[in-house]
Amino acid sequence: MDEDLLTIGAFAARARLSAKALRLYDRLGLLAPAHVDETSGYRYYRASQVERARLVAMLRQLDMPLARIAEVVEAAGAESADRLAAYWADVEARVAGQRTLVEYLRGRLSGRSSEMYGKFVVETVEVPAQVVITETRHTLADELPAWIGGSLGRLAAAARECGGVTAAPFVVYHSEVSMESDGPAESCVPVADETAARAWVAEQGRGREYRVRVEPARRLAYTRISKAQVAHPQILAAFEAVEAWLRREGLEYDGPCREVYFADWDAAGAEDPVCDVAFPVR
């Protein structure tokens, strides 16, 4: 056997890990021994594996999923650092969303709804009539974010054949979307050329529920929220704040509620404004 190999005990001491942890890393496919004795089953490691062992241990302290750990340790140099940065950005976005959710739930549980709604600034805006291409789907709340991103991406790509995008895309909720109610929801992208849009929809067949319609001019009451606040159910606080404002102002609903996405979602940070939660009013 290679004299440079270390027993699991010696390697564990050098890596400042337990033999139990090393056996776990082996079982998870994150750090395999350099040699396993066929007769005794003893594991042996090389000194050059110490750095990887310590890296795996530190990444596990970040609660990183095993698949992501494997991606980081297998990548080279700057790519490995980039993968770690991407994971941590996801963590920070999730924590920001959870922080907003906690604030929402505390307000609900303590009966401070009016104080909670006061954090949202509600304004009105006049929106002109516009031609939109749309995709409609029945979806539950946990499926909604992925569908919104995918459908708006598909419609934005189609808009290139329809004279281009003319205004911010938006999602209309024709009925409640929650963990029990599946909408439907309708993604909408305003385009310049109605004739081209109708031709594009006619070419799509029956795979997805695409439509072209003329969205009438509307007055919207809205509040602007951050990327972290878009997550369900904390976004409900924004909808409720606008509804409370409508009651105080004596305004009536004039169509289904919507989310208007005016910013680059991928480039935005957790606290950056990205979306207007809006109700058509009269």
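Biologist: At what angle do the axes of helix H2 and helix H3 cross?

Modeller: In this predicted model, helix H2 covers residues 19–27 and helix H3 covers residues 50–61. Their axes come within 11 Å of each other, and the crossing angle is roughly 85°.

Biologist: How are H2 and H3 therefore oriented to each other?

Modeller: Angles from 65 to 115 degrees fall into one class of orientation. The axes of H2 and H3 cross at roughly 85°, and the two helices are therefore roughly perpendicular.

Biologist: Is Ser 80 buried or exposed?

Modeller: Ser 80 lies in helix H5, residues 77–110. Leaving aside neighbours within four places in sequence, Ser 80 is in contact with Val 72 and Ala 75. A residue under 20% relative accessible area is classed as buried. Ser 80 has a relative accessibility of 14%, so Ser 80 counts as buried.

Biologist: Which helix supplies the largest share of the lining of the largest pocket?

Modeller: The largest pocket has a volume of about 1,100 Å³. Of its 44 lining residues, the closest to the centre are Ile 148, Tyr 173, Val 230, Glu 259 and Tyr 261. Elements that each supply at least two lining residues include H5, helix H9 (235–249) and strand S10 (258–261). The largest share, seven residues, comes from H7.

Notes:
Residues numbered from 1 in each chain as written. Predicted model: local features only at pLDDT ≥ 70, side-chain atom pairs only at ≥ 80, totals over all residues. Heavy atoms only, no water. Axes fitted to C-alpha atoms, helices over the stretch in contact; angles between N-to-C directions. Helix = DSSP H or I, 4+ residues; strand = E, 2+ residues; numbered from the N terminus. Parallel < 35°, antiparallel > 145°, perpendicular 65-115°, else oblique. Buried < 20%, exposed > 50% of the residue type's maximum accessible area, 1.4 Å probe, protein only. Contact = heavy atoms within 4.5 Å. 1 Å grid on protein atoms, 1.4 Å probe; cavity = no way out; pocket = protein on both sides within 12 Å on 5 of 7 lines; lining within 4 Å. Points joined across faces, edges and corners; volume = space filled by probe spheres on them.
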